[in-house]
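Hi,

Here is the structure I promised to pass on.

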Amino acid sequence: MASIPTFRVSLHGVNSEYRPHFQVMAQGLGGNDLTMVSSSDGRNGRLKSSVQKKLVKGLVSEHLEVLWDDGYGTNTVKDYLTASSEMIKPDGGPPRWFCPVECGCPVKDSPVLLFLPGLDGVGMGLTLHHKALGKVFEVRCLHIPIYDRTPFEELVKFIEETIRLENALSPNKPIYLVGDSFGGCLALAVSAHNPKIDLVVILANPATSFVRSQLQPFISFFEALPDGLHVSIPYILSLVICDPVKVATVGVGSKLPPRMRIEQLSRNLTSLFPLISVIANIVPRETLAWKLKLIKSAAAYTNSRLHAVKAEVLLLVSDKDNMLPSQDEAQRLKGLLQNCTVRHFKDNGHILLLEDGISLLTIIKGTSKYRRSRRHDSVSDFVPPSISEYRYIFDQVLGFLRFAASSVMFSTMEDGEIVKGLAGIPSEGPVLFVGYHMLMGLEIYSLVEEFLREKNIMVHGVAHTELFLAKHESSSNEFSFSDWIKVFGAVPVTASNLFKLLSAKSHVLLYPGGAREALHYKGEQYKLFWPNQPEFVRMAARFGATIVPFGVVGEDDMAELVLDYNDLMKMPLLNDHIREEMQRVEKIRDKSLGEVADQQIFLPAALPKIPGRFYYLFGKPIELKGKEELQKDKETANQLYLHVQSEIEASIAYLLKKREEDPYRNIIDRIMYKALHGPLHQVPAFDP
């Protein structure tokens, strides 16, 4: 449950009659006074009193364990309404910053995140995200009292004072502005006034489109409504600004049986409706009339200054926004803003940040917007996946593949014994997994999941740079595969990234065959296409890494390749399109490296089969600690390179033979087993 704030903060001091449950930093409009309620909670929400030392860039993952609890789903709109009902009590004070105690203490060198609220002005719009954001940001929320009548320009100046102070204290760190609806106008206006400050602006359905709002015909109606009928407005607004079902779905377990999900959803809806009347207290009649005029002036002010916005912008858009034409506005802003990334959420309404969906931190991570210095670093800025992200991706996004593949993993112990599971994999890094890339890279997901589940290890895949390029962005993008791979540790395949990962003692997944194997032609399944030079051996030797070769089979049990590159290039019009696309693809390997350098990026056509199973075999670990001579001894390094290749081929041959002994290779047999033994029982496989 959310902590309930029972504080009163004024411009000149803190009312001792109330004991705050929030850690609060309050700054009066115009900077006349600064009053702060401190606690032993740490640095979150605290303005520093001295200039920060030069940023020492370490790894976020050193301070945040894999599958950490981000708290997403534990708080709901009910918590927002309950907290808001306490915060709206008038105290005569000006707009101010506060930090919810749930945000806690962030990791070292975390940037500041300022939340700018929407129509309500309370500042609790990140209720669902406090715990997660508080781990990697110094979170502060803007509170605008309900009877405050500060003009838009004055609010902009107040925020500007804060960001300029923060920039002076930490000039090498970005400042994040999260603007929700009306807050989006504030964020863009502040950004336009401060082009030289490093800002990352995150907008959720910004109110820059207010003049085209679906509410415009009703504004006069709201103003003329008698006081006695004003109590009906919250219920009208609740139907316009959100989908009640999406709001009530927050916290409902996705793996619950349908009957239990419906019962829990019904209970959530029943408990939510009585609290909707709180909205009438948050936006009383006079305040609603003022806020609507304020938003109108804010939209006009901001739209006239969009050309001056130089900041990095992430625009989050709800396709079912019944309050603003957010879809059309996204296309407009995408064309006007110089550096704008858009993500659409097709099932969400106007209050995107309070509805069921994906955590805001997940979105920031997946779009590579999280950074602690001038530039994003895929390794040092990587935030390990949380338990809610793990459940979402593997239960909801990849649930069918998990069910269909029913992957089985084997590893090799030091004495050469093959065992089921990952007991033979070193827990301490650096470890370099080198293996075969199946068709479309389907084996990656099960591999990453199993290492997280069994060994609590994050495996970082090094992927083709094409997956990370912004040129594929469009105004209709949803949060998709290319975003999720970044959430789960994938980095562009460059020598510098491999260097950083190994130096950080990470577990790294490398496919020397790359796209040539993953997009192979007919009849080439389970064939390795490696460079003719040992690209990775000397790098692994430099850091004393352990190389673990592995083989995987099962693609031929999942799909049949019917159209490969050669077939597609014989088709008129389609071949011209492929050639044009290939001209845009970045070449990451020199042609001197052999056939693997000729990577044709295309989408093959395959027909699904009745699913078989994926089988993995991790070979005996090859320790390179103390073998630094491999960096200079090219002949020995090449011998080891060929040895790793032969180990992978042997693993593939072993699995192809042994899978014939698996009585549950076919999905029908596995379904029957689950029906007899229960869904939680792991389906057996062959004995190694």
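Helix α3 (residues 152-169) and helix α10 (residues 285-303) cross at roughly 65°, and their axes come within 9 Å. Those axes are lines fitted to C-alpha atoms over the stretch in contact, with angles running from 0 to 180 degrees between N-to-C directions; helices (H or I, at least four residues) and strands (E, at least two) are DSSP runs, numbered from the N terminus. Phe152, Glu153 and Leu155 of α3 meet Leu294, Ser297, Ala298, Tyr301 and Thr302 of α10, where contact means heavy atoms within 4.5 Å. Five of these residues are nonpolar, two polar and one charged (Ala, Val, Leu, Ile, Met, Phe, Trp, Tyr, Cys and Pro count as nonpolar, Asp, Glu, Lys and Arg as charged, and the others, Gly among them, as polar).

Please keep in mind that this is a predicted model: local features need pLDDT of at least 70 and side-chain atom pairs pLDDT 80 or more, while totals for chains, interfaces and linings use all residues. Residues are numbered from 1 along each chain as its sequence is written, and side-chain values use heavy atoms, leaving out hydrogens and water.

Next, is glycine 489 buried or exposed? Glycine 489 is buried, because its relative accessibility is 2% (buried means under 20% relative accessible area, exposed over 50%, partly exposed in between, with a 1.4 Å probe and protein chains only). Glycine 489 sits in the loop between α16 (481-487) and β16 (491-492). Leaving aside residues up to four places away in sequence, glycine 489 touches Phe382, Met458, His460 and Gly461.

Phenylalanine 400, in helix α14 (residues 399-405), is exposed, with a relative accessible area of 63%.

Best wishes
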